[in-house]
Amino acid sequence: MKFSKKSEYGLRALLELCETYGGRVLQRHEIAERQNIPVEFLEQILLALKRAGLLASRRGIRGGYALIKSPDDITLGQVIRILDGPLAPISCVSKTAYQKCADCPYAAKPSCPLQQAMGEVRDAIANIVDHYTLSRFAHTKLAEGS
């Protein structure tokens, strides 16, 4: 399973915002420059994270974005779901956006081998990203000296 650039850029932007949590706001161009993210795309990402209640924004010369939830309370799984949607590799195993397979020959049968395997993939991914906090993610970056 591959996450989108939207999630990748969103997580990278949140790394920057973790460094200033509880302090100053960061302007979108600062984040974009530090993380090599196109400013226009970053703006869409920041707005989605703001609508989800993770960020606050302030307008004006001293404006910018800041985390409003503690990095200890935000998981990578939350961010990925906000920006990309469900973690499930196929919709028939999604816990948040389940859709029955219309074209699958196993849809009318009691079990589906694909559903079993992809359910385990979903659970493995969720088990990692739902227990990996943004503060742990940011601490890894700081420890590496990036």
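Predicted model: local features only at pLDDT ≥ 70, side-chain atom pairs only at ≥ 80, totals over all residues.
Residues are numbered from 1 along each chain as its sequence is written, and side-chain values use heavy atoms, with hydrogens and water left out.

Next, follow the chain from the N terminus; the elements run α-α-α-β-β-α-α-α. Display the C-alpha trace, which spans about 60 × 30 × 25 Å along its principal axes.

Now show contacts, meaning heavy atoms within 4.5 Å. Among contacts between residues at least 6 apart in sequence, 64% join residues at least 24 apart.

Switch to the surface. The accessible area of the chain, from the Shrake-Rupley method with a 1.4 Å probe, comes to about 8800 Å², and 53% of this belongs to carbon and sulfur atoms. Of the 146 residues, 40% count as buried, that is, under 20% relative accessible area (1.4 Å probe, protein chains only).

Then select Cys18 and Cys92. Cys18 is buried, with a relative accessible area of 13%; Cys92 is likewise buried, at 8%. How many disulfides are there? The count comes to zero, a disulfide being a pair of cysteine sulfur atoms within 2.5 Å.

Finally, select the charged residues: Lys and Arg count as positive and Asp and Glu as negative, with His and the chain ends not counted. Each charge is placed at NZ of Lys, CZ of Arg, CG of Asp or CD of Glu. The mean positions of the 20 positive and 15 negative charges are 5 Å apart.

Methods:
Buried < 20%, exposed > 50% of the residue type's maximum accessible area, 1.4 Å probe, protein only. Helix = DSSP H or I, 4+ residues; strand = E, 2+ residues; numbered from the N terminus.
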